[in-house]
Amino acid sequence: FVCYSYTVFLLSGLALLGCCEGWKYFYSEDTMDYDHARKWCTENYTDLVAIQNQEEIEYLNKVIPRMKVYYWIGLRKIDGIWTWVGTKKPLVKEAENWASREPNNQKLGEDCVEIYIKRNTDQGKWNDELCTIKKHALCYQADCNNSSCSGNGVCEEKINNYTCRCHEGFFGPICQYKSACSILHTPANGRMNCTHPFRNFNYNSSCEFDCNKGFIRKGVGTLRCTEFREWSALQPVCQASECNILHAPAYGSMNCFHPFKNFSYNSSCDFDCNKGFIRKGVGTLRCTESGKWSDLLPKCQGRTNFYFFTGKTDHVKVILVTDYVSWLAWERLGILPEELEEVAGEREVWASLLKLLPPRPDLG
Ligand SMILES: [Ca+2]
């Protein structure tokens, strides 16, 4: 099974700016039934030809050679409706191009369509035929691909050509030019103020960006639409001011709510102390707009009260301490609570206490 094909070129001078190589037609030297013809076209090219207009019919009749049998095209009956196989769209009345007294379904089951190329009568017209009959495949190769219109337009096939219908904001033969800068929007948690000397978001438009209270701008403050219709920089974003990351105090727990980012503007943290401990300090801290916490981190202290006496025989004083460490410090070492609490937290107290203890005798 050897297939031959020929490229057919359009000679008429329908040139479009910057465009384009063109829509090409191919046909098989061998004959085959409809299904094989379609397979041959889709494997080697794009598909069986789908007739777009009268111009294309005339063109095909002119450039495709006459053969003993004619050519399958991409039209067949599906669920009783004449349908373009490539697009699955039904044949509309205005596009019908049947030969006289066709489609006649003469052999019953004439569900596929051939085109009479260079026939003595009805040139370029269509006939319904049995799909199992062997004919030449008449294929086309599309030129449109994803990059045909620079990704900025819809590519429309023409005979040996294509044209681009550009999306809004683009122009040029292949939509390669921008007609404006992209439309900018006010950033979340911020403000935008634009001036447009010509048209909105076009050449020399400039936009200034500010951030709301508690937010810091990341990126440049002013963008300008350049002669290439591109913004001079990326649009800035407004990020919440960040406070230090907090941790639950010793012997306590922390429960935080972060409306924007973790430990950032308007984050708030509630503090609780474990059973047997009481909180010293505020119950809730809030991250302020300047990135500082509204207060100091609270502490959890042991609740047990220890009373003891100090002083010489002529001078007796009752001392109350509210934590075990201070009591231990007095009982074991004779350090007064006010001396401890003024200088350090619990960890530092323990360290200093341990340093004061003599080495155990059995250490040698
Ligand atoms: Ca027929």
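Which residues does Ile73 touch, not counting residues up to four places away in sequence? The views below start with the whole model and come back to that one.

View 1. Local features here need pLDDT of at least 70 and side-chain atom pairs count only at pLDDT 80 or more, while totals for chains, interfaces and linings use all residues. Residues are numbered from 1 along each chain as its sequence is written. The protein has five helices and 23 strands; these are DSSP runs numbered from the N terminus, helices being H or I with at least four residues and strands E with at least two.

**View 2. Confidence, and the stretch at residues 1-21.** pLDDT is the predictor's confidence in each residue, from 0 to 100. The protein averages 83, and 77% of the residues score at least 70. Over residues 1-21 the pLDDT is below 50, although this stretch has 39 contacts in the model beyond near neighbours in sequence. Where pLDDT is low, the predicted coordinates should not be read in detail.

**View 3. Ile73 and the largest nonpolar core.** Back to the opening question: Ile73 touches Leu48, Val49, Ile51, Val113, Glu114, Ile115 and Leu138. Touching is a contact, with C-beta atoms (placed from the backbone) within 7 Å. The core has 29 residues, and Ile73 is among those with the most contacts inside it, as are Trp72 and Leu138. A nonpolar core is a set of buried Ala, Val, Leu, Ile, Met, Phe, Trp, Tyr and Cys residues joined through C-beta atoms within 7 Å. Elements giving two or more residues to it include helix H1 (34-44), helix H2 (54-63) and strand E3 (71-78). A second, separate core of seven residues includes Cys211, Phe215, Cys243 and Tyr265.

**View 4. Tyr25 in strand E1.** Buried or exposed, for Tyr25? Tyr25 is buried, because 24 other C-beta atoms sit within 10 Å. Its C-alpha atom is 7.3 Å from that of Leu138, 113 residues apart along the chain.

**View 5. The hairpin of E3 and E4.** E3 and strand E4 (residues 81-84) pair in the antiparallel sense over four bridges; pairing takes at least two bridges found by DSSP. Ile78 has Ile81 in E4 as its bridge partner. Two residues lie between the strands, and Asp79 takes a positive phi near 50°.

**View 6. The open sheet E12-E13-E15.** Three strands make up this sheet, with antiparallel pairing. E12 and strand E15 (222-224) each have a single partner strand, so one side of each is left without a neighbour in the sheet. E12 and strand E13 (residues 206-211) are joined by six bridges, and Met192 stands opposite Phe209 in E13.

**View 7. His185 in a loop.** His185 lies between strand E11 (177-178) and strand E12 (190-195). The C-alpha atoms of His185 and Cys207 are separated by 9.9 Å.

**View 8. The open sheet E17-E18-E20.** Here, too, the pairing is antiparallel, and strand E17 (252-257) and strand E20 (284-286) are the edge strands. Three bridges join strand E18 (residues 268-273) to E20; Asp270 has Thr284 as its bridge partner.

Technical notes
Buried ≥ 20, exposed ≤ 12 C-beta atoms within 10 Å, placed from the backbone. Contact = placed C-beta atoms within 7 Å.
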